[in-house]
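Let's take a friendly walk through a protein model and its ligand. Have your viewer open, and pick out each residue as it comes up.

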Amino acid sequence: MTVKLTIIGSGPGGYVAAIRAAQKGMQVTVLEDSEVGGACLNRGCIPTKTLIASAEALERTRHAADFGIEVTGEVTYNLAKIRERKDKVVSTQIKGIRGLFKSWGVALIEGRGSLLSPDVVRAVQKDGITMDVKSDKVIIATGSRPAAIPGIPFDGERIISSDDAVRLMKIPKRLLIIGAGVIGSEFAFIYRALGAEVTLVELLPRALSTEDEEMSEIIEREFKKSKIKLMTDVKVERVEKTGDMVVTSLSGGKQITTEMVLVSIGRSINSDNLGLEMIGVDRGRRGELIVNEKMETTVPGIYAIGDVTGKFMLAHVASRQGLTAVENILGNEEKMDYTVVPSGIFTMPEVGSVGLREKQAVEQGIKYRVGRFPYRALGKAHAMGEITGLVKVIVDGATDKVLGMHVCGAHATDMV
Ligand code: FAD
């Protein structure tokens, strides 16, 4: 009997699961209330990486003389063309996913989905018409959205989220970024390269606090070199719009006035209005769907994958969870293993990491050794003009097994 699978959400979790399930012979329906590809393709990974490519091209051209290249006249950029390029990259990928759905026979319903019962998903289509889809199995892959500071809503123009920042409608003279995590740090380099004076404020003692401390140190030095001002250990007390400006009040009494504030303090989970309470799918404190290693929720036949599970909010983790859910639906026991999840941060330079941070090795009482190799000791780094950076490997003191690898520098994410 053909398994009928319905997937709510078509981000890197949902669309990868859909294609694999269709390849394995299931009858697959995907519901998407925005655009295929989810946050990653439309508002996240791909647009930011496209903008970073433009920012890097600009920086390289500015420093062309270092390579013996003479650029006559001032190096400038065209914001509309950068935006156009980004939109083209995104739309090509959207066409690719839509094409794959078509060739594998995945039915796409463009509308909002919710569960009426464990085996019926209701779709409210964009034209208001509803459709009930009978399903043997359901995968919830509804992702996440930018978190706002309580009481300080986004207005899309002056108090913006990453969704607005990728649209790149204008480059403010001065930009304040609240949160020096992955997203805030990537945008700091993009907007700085495009000419904004950028200040980053961070509640914790360092930028990129989830990374190994030595990687944060390098990026903090690069902020300084790029004239990006970083303030750590500060809390934002208030953000107020006055005239054309935004005044942000910080703990300690300092105020910062900028044309724009980008709030990048984390992600909120998309698990409301899905009918979950009614059918008994349990959620955690942040609204994340509780799943086991097989990606099963607390209701048999209903799976959840990606950001909505609140684990590692990374595109490739969402995809891997999607494949795991499909294998389990097929009856092949497969479990998620999060011990070796690589991550890439596309700052300038990049940070790539996998496995244990040194601090975690200390906390876990592991006897370890550290190997370090600075980029400036490498001939190729000099040839490329990219001598900033460090490769750090953490190995088990007794067995030499690699426990963690951290790279900050050119091509760091590729290497990891
Ligand atoms: P999403 O991509 O969020 O997709 C969920 C989809 O479900 C959305 O299209 C949404 O509209 C739809 N949906 C929600 N509710 C419903 C409903 N009720 N009915 C129908 N459809 C619904 N990760 C990386 O690995 N590398 C990176 O470089 C990277 N860069 C990032 C940069 C930024 C600025 C951001 C914001 C994120 C970045 N991420 C990156 C994270 C990555 O985008 C997410 O981890 C990934 O998109 C999660 O995939 P998902 O399938 O769980 O959900």
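The notes below go from the ligand to a helix, then to salt bridges, and end with a strand residue and a surface patch.

## Ground rules

This is a predicted model, in which local features need pLDDT of at least 70 and side-chain atom pairs count only at pLDDT 80 or more, while totals for chains, interfaces and linings use all residues. Residues are numbered from 1 along each chain as its sequence is written, and side-chain values use heavy atoms, with hydrogens and water left out.

## Around the ligand

Which residues come closest to the ligand? They are Glu32, Lys49, Gly113, Asp307 and Ala315, out of 38 residues that surround the ligand (near means that a heavy atom of the residue lies within 4 Å). An N or O atom in the side chain of Lys49 is 2.7 Å from an oxygen atom of the ligand. The backbone also takes part: an N or O atom of the Gly13 backbone lies 2.9 Å from a ligand oxygen, and a backbone N or O atom of Ala39 lies 2.9 Å from an oxygen atom of the ligand.

Taken alone, the ligand exposes 1,000 Å², and the protein buries 94% of that (areas come from the Shrake-Rupley method with a 1.4 Å probe; for residues, only the protein chains shown count as cover). Strand S2 (27–32), helix H2 (38–42), H3, strand S3 (107–117) and helix H9 (315–329) each give two or more residues to the shell around the ligand.

## A mostly covered helix

Helix H1 (residues 14–23) has seven of its ten residues buried. Buried means under 20% relative accessible area, exposed over 50%, and partly exposed in between (1.4 Å probe, protein chains only). The buried residues of H1 are Gly14, Val16, Ala17, Ala18, Ile19, Ala21 and Ala22.

Where do these buried residues of H1 pack? Their partners are strand S1 (4–8), S2, H4, strand S6 (137–140) and H9. After H1 comes Gly25, with a positive phi near 95°.

## Salt bridges across the sequence

A search of the whole structure finds 31 salt bridges (a side-chain nitrogen of Lys or Arg within 4 Å of a carboxyl oxygen of Asp or Glu). One of them joins the side chains of Glu211 and Arg357 at 3.3 Å, N to O. Glu211 sits in the loop between S10 and helix H7 (213–225), and Arg357 in the loop between strand S19 (350–355) and helix H10 (358–363), so the bridge ties together parts 146 residues apart in sequence. Both Glu211 and Arg357 are buried.

Arg372 and Glu214 form another salt bridge, with their closest N and O atoms 2.8 Å apart. Because Arg372 lies in strand S20 (residues 368–374) and Glu214 in helix H7, this pair ties together parts that are 158 residues apart in sequence. Arg372 is partly exposed, at 45% relative accessibility, whereas Glu214 is buried at 19%. The side chain of Glu214 also makes a polar contact of 2.5 Å with the side chain of Lys392 (N or O atoms within 3.5 Å; within protein, one must be able to donate a hydrogen and the other to accept it, and residues adjacent in sequence count only if both atoms are side-chain atoms).

Glu222 and Lys225 meet in a salt bridge at 2.7 Å, N to O. Both lie in helix H7, three residues apart, about one turn of the helix. An α-helix has 3.6 residues a turn, so residues three or four places apart point the same way.

Salt bridges that share partners join Asp212, Glu214, Glu358, Arg372 and Lys392 into one network.

## Inside and outside

Val201 belongs to strand S10 (residues 197–201) and is buried, with a relative accessible area of 2%. Beyond residues up to four places away in sequence, Val201 touches several others, including Leu176, Ile178, Met231, Val236 and Ile256 (contact means heavy atoms within 4.5 Å).

Phe67, in contrast, is partly exposed at 40%, in the loop between helix H3 (45–62) and helix H4 (79–104). Together with Ile69 and Val71, Phe67 forms a nonpolar surface patch with about 250 Å² of accessible area. Patches are made of residues with over 30% relative accessible area and no salt bridge, where like charges are joined within 9 Å and nonpolar side chains (Val, Leu, Ile, Met, Phe, Trp, Tyr) within 5 Å.

Methods. Helix = DSSP H or I, 4+ residues; strand = E, 2+ residues; numbered from the N terminus.
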